[in-house]
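Here are a few notes to read with the model open beside you. Take them one at a time and find each residue as you go.

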Amino acid sequence: MFLRFTGLKRSSFTGNHDVTKTKEPTENTALDDAGRRNFLNTAAFAGLAGASLGLAGCQPDGEGGATSTGGSIDYGKYQVHPGQLDEYYAFSSGGHSGEVRIYVLPSGRLLKRIPVFNIDCMTGWGITNESKKILGTHPDGTLKYWTGDTHHVHPSYTDGTYDGRYLFVNDKIHGRIARVRLDTMECDKITELPNIQGFHGIFPDKCDPLDSAVNYTTRVFCGSEFHTPLPNDGRDLDDPTRYSCVFTCVDAETLEPRWQCQVDGNMDLVATSYDGKLVCSNQYNTEGGAVFADMMLRERDACVFLNVARIEAAVKAGKTFTIGDSKVPVVDGTQAANADPATALTCYVPVPKNPHGVNISPDGRYYACSGKLSPTATLIAHDRVLQWFEGRLQDPREAVVAEPEIGLGPLHSAFDNRGFCYTTLFLDSQIVKWNIEAAIKAYQGDSSAQVVVDRLDVHYQPGHGFTSMGETREADGKYFISDNKFAKDRFLPVGPLHPENSQLIDISGDKMKLVHDTPVWSEPHDSIVVRRDIIKTRQIYNMDDFPHAVKSPLDCRVERNGRKVTVYLTSQAPTFGLTEFKVKRGDEVTIILTNHDKVEDLTHGFAIPKHNINFIVNPQETKSVAFIADKPGVYWCYCTHFCHALHLEMRSRMLVEA
Ligand code: CUK
Ligand code: CUA
Ligand code: CA
């Protein structure tokens with residue numbers, strides 16, 4: 001995450017934010033747009049929090065972008081009536097909840113929470129043996145980690161658009177990547193990446209640079225935000241100048257790391273090109289600072305581009321090293337080792353101070369890197385970066401084709417299919433819509449080019465913004481979501497912890513229109529909006545996919561092997577296959593439960609009081625749990641998931657003998 005600016009825009013906390021009303025003038029209107037920008041462009045950055053407070057209430061309407069007020073909106077046209085289905089899925093990270101969420105648009109209804117790095121006692125994630133195996137355990141069977149911090153979700157691609165196979169998601173805390181199957185919407189793999197800390201940006205490739213026949217995702221790129229000693233084994237604790245970062249390429253099928261690339265500076269967000277050739281990451285800490293003031297020393301940081309084909313050739317040729325105990329081959333992508341474009345693995349394009357967010361336009365031509373501490377967005381041309389690698393540019397900075405001033409605190413950009421970019425302005429609490437070609441003309445000196453065409457107030461302090469299908473070739477320019485970090489007065493109060501506010505904006509016309517607010521629990525960072533026809537889910541499982549399935553209710557039994565007891569169970573509404581089972585105090589009990597119901601939506605649950613056992617089995621699914629029966633007595637194992645008129649009667653008894 002970016003800095004939390006303590007000086008929030010004051011108007012956000014006092015103004016009337018009814019979308020039907022225009023903004024109220026505030027006391028700082030004397031400071032015009034230009035003055036404000038200059039102020040931020042001076043060396044006063046060390047006091048940035050104060051600066052933003054000082055600017056509070058300044059409302060830019062200039063630059064040709066009169067602020068949209070919503071105007072008259074036919075809200076009814078966005079309603080999804082009872083029985084109707086939505087148009088889009090939104091897959092959303094859950095931040096430090098460690099999960100992924102699915103909500104749908106335009107209604108904003110939340111359909112599902114997918115536990116990934118967290119423990120979830122509804123589904124049994126982190127409780128069942130199968131999920132613990134995916135999450136990773138110590139030799140004694142206890143979970144290695146039960147916390148996570150998901151920031152970015154991105155699905156697999158074919159032909160530059162989503163193919164409905166997988167969703168990849170990062171865990172910033174422990175440096176893990178997870179994969180969610182999109183047919184079941186469940187996590188099926190997690191890998192802990194070596195040599196990294198603060199795994200933040202993640203993006204799958206969109207085709208293979210080495211094999212033109214492979215037009216689908218085979219790699220997932222992972223940036224690491226925090227620099228550490230390499231290996232991080234206790235050496236160089238007090239010498240941050242010796243810390244470094246590596247970029248990781250993970251195989252999309254095995255989810256194992258293929259290679260790593262050491263870079264200067266840090267990595268934040270990640271974007272991949274549509275031709276598979278480049279992957280890039282914005283860097284806000286090229287200074288290698290260990291405290292925030294040191295991370296703001298330079299006027300420019302960078303967006304680093306990795307040349308995937310060259311790196312993989314270097315890996316193949318063995319021009320690699322390893323770090324500590326890790327066997328993953330590492331290439332040297334530092335600037336000193338890559339000064340010659342003819343052989344360079346990496347290209348560092350300078351961009352203004354502490355950029356955040358980098359996104360590629362749906363036509364594959366431009367990367368938009370947001371300024372964060374600069375009121376600009378930097379547009380980097382894909383073909384010009386390739387030209388640098390061919391030795392045809394003098395300076396990587398020549399890959400920049402536009403750098404429009406768009407407002408304060410730009411964080412993330414998204415695109416429509418008409419040549420417009422939509423950037424969230426954290427400090428201004430606005431979305432700014434700007435024209436890509438006009439920005440390029442203005443950069444070339446055309447003062448008549450109208451770059452900013454619209455602004456819309458959002459509520460409040462947006463982080464990510466994303467458009468419907470906007471990270472694919474099929475961007476459709478219908479909706480933009482502003483994921484706002486502060487909701488304050490937009491919902492009924494629920495105590496000191498507020499929800500966040502995910503705002504749906506119609507971008508199909510010339511002016512952006514705010515359609516509605518959806519409260520979201522802390523704290524999604526990013527989402528993707530996927531057309532519903534792309535997602536094809538299963539309704540029930542296949543019993544044969546589970547090697548330990550209890551195939552018949554007649555197979556229900558208790559097997560003992562010393563202190564190890566296995567209970568084979570089935571469920572079929574409204575009964576479990578055994579009405580009781582007996583174990584002895586101290587037994588190591590494994591329960592294997594197969595749900596024999598075949599009816600769509602007929603899920604059962606299984607809970608054992610006082611033993612921390614609670615999980616569900618979906619139709620035709622098998623799950624297992626293991627625990628020590630350490631308390632003599634009678635324990636009613638009951639169905640937790642309402643399944644039948646006799647759901648409450650759906651029980652079994654565990655009898656633990658003293
Ligand atoms: S980061 Cu949170 S708003 Cu983790 Cu994608 Cu920019
Ligand atoms: Cu089975 Cu409730
Ligand atoms: Ca910096």
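Over the ring of which residue does the charged end of Arg179 sit? That ring belongs to Tyr166, and the charged end of Arg179 lies 4.0 Å from its centre.

1. Before you start. This is a predicted model, in which local features need pLDDT of at least 70 and side-chain atom pairs count only at pLDDT 80 or more, while totals for chains, interfaces and linings use all residues. Residues are numbered from 1 along each chain as its sequence is written, chains are lettered from A and ligands numbered from 1 in the order in which they are written, and side-chain values use heavy atoms, with hydrogens and water left out.

2. Charges over rings. A charge sits over a ring if NZ of Lys or CZ of Arg is within 6 Å of the ring centre and within 35 degrees of the ring normal. Besides Arg179 and Tyr166, look at Lys433, which lies over the face of Phe420 at 4.5 Å from the ring centre.

3. Aromatic pairs. Rings of Phe, Tyr and Trp (its six-membered ring) pair if their centres lie within 6.5 Å; planes under 30 degrees apart count as stacked, over 60 as edge-to-face and the rest as tilted. The count by this rule is 14 aromatic pairs. Tyr89 and Phe91 are stacked, because their ring centres are 5.8 Å apart and their planes stand at 10°. Both Tyr89 and Phe91 are buried, where buried means under 20% relative accessible area, exposed over 50%, and partly exposed in between (1.4 Å probe, protein chains only).

4. A tilted pair. Phe221 and Trp259 have 6.1 Å from centre to centre and 55° between their planes, which is a tilted arrangement. Phe221 belongs to strand E10 (residues 219-226) and Trp259 to strand E12 (residues 257-263), so the pair ties together parts 38 residues apart in sequence. Helices (H or I, at least four residues) and strands (E, at least two) are DSSP runs, numbered from the N terminus. Phe221 is buried at 1% relative accessible area, and Trp259 is buried at 2%. Elsewhere, Tyr78, Tyr88 and Tyr479 make up one aromatic cluster.

5. The ligands. Which residues come nearest to ligand 1? Of the 12 residues around it, they are His151, His152, His200, His412 and His464; a residue is near a molecule or strand if one of its heavy atoms lies within 4 Å of it. Tyr284 and Met295 are both buried.

6. Helix H6. The buried ones are His382, Val385, Leu386, Gln387, Trp388 and Phe389. Their cover includes helix H5 (308-316) and strand E17 (346-352). After H6 comes Gly391, with a positive phi near 80°.

7. Asn338. Asn338 is buried, with a relative accessible area of 6%, and its place is in the loop between strand E16 (330-332) and E17. Among the residues that Asn338 touches, not counting those up to four places away in sequence, are Asp332, Ala344 and Trp388; contact means heavy atoms within 4.5 Å.

8. Backbone details to check. The peptide bond from Leu230 to Pro231 is cis, with omega near -5°, and Pro231 is in the loop between E10 and strand E11 (245-251). In that loop between E10 and E11 you will also find Asp236, a residue other than glycine with a positive phi, near 50°. Asp236 is partly exposed at 27% relative accessibility. A cis peptide bond also joins Ser522 and Glu523, with omega about -10°. Asn612 has a positive phi near 60° and is exposed, at 73% relative accessible area.
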